[in-house]
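The sequence and structure come first.

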Amino acid sequence: MKIVADLDLCQGHAVCAAEAPTVFSVPKRGQVEILDQNPGEDVKTDVANAVRYCPTQALMLVAEDATH
Ligand code: SF4
């Protein structure tokens, strides 16, 4: 799983940082910064919530190729 942020859409609401503070950081009047591109299982739910609740739908989860 990889997180992709569309900075054309991000308006810095920081909902994502509230949901998953170890994965997203949003400076005051700035845009989202992804701290961890491949977050572990333990924060998966938080990341999913961040994606769901982002008001501008700027976040996407991209499945990585399964190469098991
Ligand atoms: S919640 Fe969405 S719009 Fe707000 S900072 Fe995060 S990515 Fe940007």
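## Fold

The chain contains 2 helices and 4 strands. Read along the sequence, these elements follow the pattern β-α-β-β-α-β. The model is predicted.

## Overall dimensions

The C-alpha trace spans about 40 × 25 × 20 Å along its principal axes. The radius of gyration of the chain is 11 Å, which agrees with the value near 11 Å for a compact globule of 68 residues.

Of the 68 residues, 29% count as buried. Among contacts between residues at least 6 apart in sequence, 60% join residues at least 24 apart.

## Ligand site

The ligand takes up the space of the largest cavity. Around the ligand are 13 residues, of which Cys10, His13, Ala14, Cys16 and Cys54 come nearest. The shell divides into 9 nonpolar residues, 4 polar residues and no charged ones.

## Positive phi angles

Most residues other than glycine have a negative phi. Two residues of this chain, Ala14 and Gln57, are described here for a positive value.

Ala14, one of the residues that come nearest to the ligand, has a phi near 65°. Ala14 lies in the loop between strand E1 (2-5) and helix H1 (15-19). Its relative accessibility is 27%, so Ala14 counts as partly exposed.

Gln57 has a phi of about 50°. The loop that holds Gln57 runs between helix H2 (44-53) and strand E4 (59-62). With a relative accessible area of 61%, Gln57 is exposed, because the cut-off for that class is over 50%.

Terms used
Residues are numbered from 1 along each chain as its sequence is written. This is a predicted model: local features need pLDDT of at least 70, side-chain atom pairs count only at pLDDT 80 or more; totals for chains, interfaces and linings use all residues. Side-chain values use heavy atoms; hydrogens and water are left out. A residue is near a molecule or strand if one of its heavy atoms lies within 4 Å of it. On a 1 Å grid over the protein atoms alone, a cavity is a set of points where a 1.4 Å probe fits but cannot get out, and a pocket is an open set with protein on both sides within 12 Å along at least five of seven lines; lining residues have an atom within 4 Å of a point. A molecule sits in a cavity or pocket if more than half of its atoms lie within 2 Å of its grid points. Ala, Val, Leu, Ile, Met, Phe, Trp, Tyr, Cys and Pro count as nonpolar, Asp, Glu, Lys and Arg as charged, and the others, Gly among them, as polar. The radius of gyration is taken over C-alpha atoms; the globule rule is 2.2 Å times the number of residues to the power 0.38. Buried means under 20% relative accessible area, exposed over 50%, partly exposed in between (1.4 Å probe, protein chains only). Contact means heavy atoms within 4.5 Å.
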